[in-house]
Amino acid sequence: MMFDQLSAALTEVAKNFGGKQRMTENSIQPALKSVRRALLDADVNLDVATALIDGVKRRSLGKEVTQGVTAEQQFIKAMYDELLDMMGGDASQQSNRNPSLQSPVASLAHSPDFATTNKPTVILLAGLQGAGKTTAAGKLALYLKEREVDSDAVKQMSEEERASTLASRLPKRNRRVLLAAADVYRPAAIEQLQILGEQVGVEVFSLGADADPAEIAKEAVEKAKREGFDTVIVDTAGRQVVDEELMEELRRVKKTVEPDETLLVVDAMTGQAAAFLTASFDSAVGISGAILTKLDGDSRGGAAVSIRGVSGKPIKFVGVGEKTQDLEPFYPDRMASRILGMGDVISLVEKASMEVSDAEAARIQEKMVKAEFDFDDFMTQSRMVSKMGSMAGVARMLPGMGNMIDSAQLKQVEQRIKRSEAMIYSMNKKERANPDLLLTDRSARSRLMRITEGSGLSFDDGLAFMSEFQKMRTMISRMAKQAGM
Ligand code: GDP
C-alpha cells in the first residue's frame, strides 16, 4: 500500500526514543541515521534526504521535551514539518487561506472565466509512454467538469474551504472541457482518448493520426473559442525515452497555443527517476508542475518526496487508481501525514471500541471503512472518548499532536464537542443516519438553519461542525483502509 515501507521505518525510528526528556546530538544521532537509511531505501534522492535530515536535526536539537509530550512525538513533529516544507508546504498553507488565489490547483480550478476573457484555459500534458498521460487527461477532464460540491476533493477540504463552499453553494469548477488528441504516434492513443472522453462525458477533438500535433492543438483551441468551451486539455505524444525530437515537438505545440499550464505526467513507481525527469523536461520545454500517477501502488514514496526538491516544480495532482475518478489534488500536508502513518490513531480508535459491545464495534468499523460513519456513530464515539478519560490524555496519544495542543486549546475542543452534541440532539432521526442530507443535499442549508436554531447556536457554528464532521469521516475511512480493516 501507499508509502507502507517508509511509514513503517519512520514509525520504528521514532519508537526508539523511549522516555527521554531532552534530545541531544548523541541521543538523536542513531535516529537520524535510521531515518536517512529509510529515506534512501524509499528511493528518495540523496540530496533531498540529506536536506531533510539536516532540517530534522535543526528542529529537534537542544529542545526541551514539552510537558506531556514524548521525545518520540516531538521527533515525529519535526519530521512532519520537514517533509511538509520539502513537498511545498507553503503553497498548501496559503491555499487553505485563500483557495481562489494561491493553491497550485487553483490556477486550474479557478482560472479566469471564459465569459470575461474569451480565452479558454489551455492545459498541455506531456510525459513518457506508459506514465499514465492519456488516463490523466481523462481524469483531469472529469475533475474540472465536476461541480466542486459533488466531488471527493470537497470532502477533504480544510474547514474554511469547506465552509465557504457550503455557505455559497456555488460550484467552483463546473467547466466545459474539450480534450484534444495530439498524440499521433502511439497506435490507438486517439481511440483510447475517445473512449475515455465518452466515459467522462467530454468531447474529444481529433484530426486523425496524420495531422501535425501543433496544428491539432491550435484548431482545438479555435474550436473551443467558437463553441464556448472554457478549458482545453491537450494530450501530446510520449516516447519510450526522452529525446530531442519529442522536446522539439513539445516546444512547438507550446509556442503555438501558449498553455496556462504545462504538466508533466510521471510514474510514482519510478522513484527518484521521476524527479530527474521532471527537472529535464522543465529545462528543455519549461513546465508548470507534475501529475504523479500510480501512487496507489507506490509503497516507497521516493518520487513524491523528491520531485519538488530536485526540480523545483510542484506536484499538482496525484493519480491513485485506474478509474477516471482516481485523481486528487496534491496537498503536501496530507501527504506528509500519510507518509508518517497514522497507526497510533487506529489503535486509539480500537481501544475506544472495546468499551462497546463487540457487535456494535464491528458495525461501526464497517461503516468507517465505507465512509458511512454518521452522526449517531459520532455520538457513540465521542462518548467512548470521554469515558476513556480527559480529551487531553487522548489527544496526546495522537502522533505529533501532543505538543501542538495546549490546555486552552483543549478546553476549546471540549466545548466544541459539547456544541456538536447539542446540534446532533436537534437533528431528526433521518438526518442523524444520513449526514449527506446536511452536507451535499439540496435541502442542506435550510436543514442546517433549523438545527442550529434548535440548538441555540449560530449558523456559522453549524457550518464549522459540518466541515469538521466531514473531515473526520474522510480521515477515519482512510485510516481504516490503511489499517486493512
Ligand atoms: P500513457 O502511455 O502515458 O498515455 O499511459 P496510459 O494512460 O495508457 O496508462 C498506462 C497504464 O497505467 C494503464 O494501464 C493505466 O490504467 C495505468 N494507470 C494510469 N494511471 C494510473 C494510476 O494512477 N494508478 C494505477 N494503478 N494505474 C494507472
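How many of the five residues of strand β7 (residues 315-319) are buried? Five of the five are, and β7 is mostly covered. Here "buried" means that 20 or more other C-beta atoms lie within 10 Å of the residue's own, "exposed" means 12 or fewer, and "partly exposed" is what falls in between, with C-beta atoms placed from the backbone.

## Ground rules

This is a predicted model, so local features need pLDDT of at least 70 and side-chain atom pairs count only at pLDDT 80 or more, while totals for chains, interfaces and linings use all residues. Residues are numbered from 1 along each chain as its sequence is written.

## The whole chain

The protein chain has 25 helices and eight strands. Of the 485 residues in the protein chain, 43% are buried.

Take the contacts between residues at least 6 apart in sequence: 76% of them join residues at least 24 apart. A contact here is a pair of C-beta atoms, placed from the backbone, within 7 Å.

## β7 and its partners

Strand β7 has a strand on either side of the story. Strand β6 (residues 289-293) runs parallel to β7, with three bridges joining them, and Ile291 sits opposite Phe317 of β7. Strand β8 (residues 327-329) runs antiparallel to β7, again with three bridges; there, Gly319 has Leu327 in β8 as its bridge partner. For the record, two strands pair if DSSP finds at least two bridges between them.

Between β6 and β7 comes helix α15 (residues 302-311), and the three make a right-handed β-α-β unit. Right-handed means that, with the strands pointing away from the viewer, the path from the first strand over the helix to the second runs clockwise.

An unreviewed UniProt entry puts the feature "domain: SRP54-type proteins GTP-binding" at residues 314-327. UniProt positions follow the numbering used here, feature names are shortened, and annotations may be inferred rather than shown by experiment. In the model, residues 314-327 are 0% helix and 43% strand, with the end C-alpha atoms 16 Å apart.

## Around the ligand

Which residues come nearest to the ligand? Among the 18 residues around the ligand, they are Gly132, Lys133, Thr134, Thr135 and Gly319. A residue is near a molecule if its C-beta atom, placed from the backbone, lies within 6 Å of it.

Helix α8 (residues 133-145) gives the largest share of the shell, three residues. By class, the shell has two nonpolar, 11 polar and five charged residues. The classes are Ala, Val, Leu, Ile, Met, Phe, Trp, Tyr, Cys and Pro as nonpolar, Asp, Glu, Lys and Arg as charged, and the others, Gly among them, as polar.

## β2 inside the fold

Strand β2 (residues 177-182) is largely enclosed by the rest of the structure, because six of its six residues are buried. Val177, Leu179 and Ala181 point one way from β2, Leu178, Ala180 and Ala182 point the other way, and all are buried. In a regular strand, side chains alternate between the two faces of the sheet.

Six bridges join β2 to strand β4 (residues 231-236), the two running parallel, and Ala180 stands opposite Val234 in β4. Strand β3 (residues 203-205) also runs parallel to β2, with three bridges; Leu179 faces Val204 in that pairing. To get from β2 to β3, the chain goes through helix α11 (residues 189-200), in a right-handed β-α-β crossover.

## Two positive phi angles

Asp43 is not a glycine, yet its phi is positive, about 65 degrees. Asp43 is in the loop between α2 (25-41) and α3 (46-60). Is Asp43 buried or exposed? With 23 C-beta neighbours inside 10 Å, Asp43 counts as buried.

Glu258, another residue other than glycine, has a positive phi near 45 degrees. Glu258 lies in the loop between α13 (244-257) and β5 (261-267). Because Glu258 has 10 other C-beta atoms within 10 Å, it is exposed.

Met472 belongs to helix α25 (residues 459-482) and is partly exposed, with 13 other C-beta atoms within 10 Å. Met472 and Phe378 are 94 residues apart in sequence, but 9.4 Å apart C-alpha to C-alpha.

Ala284, in helix α14 (residues 272-285), is partly exposed with 16 C-beta neighbours inside 10 Å. Ala284 and Glu248 are 36 residues apart in sequence and 8.6 Å apart C-alpha to C-alpha.

Notes
Helices (H or I, at least four residues) and strands (E, at least two) are DSSP runs, numbered from the N terminus. Two residues are in contact if their C-beta atoms, placed from the backbone, lie within 7 Å.
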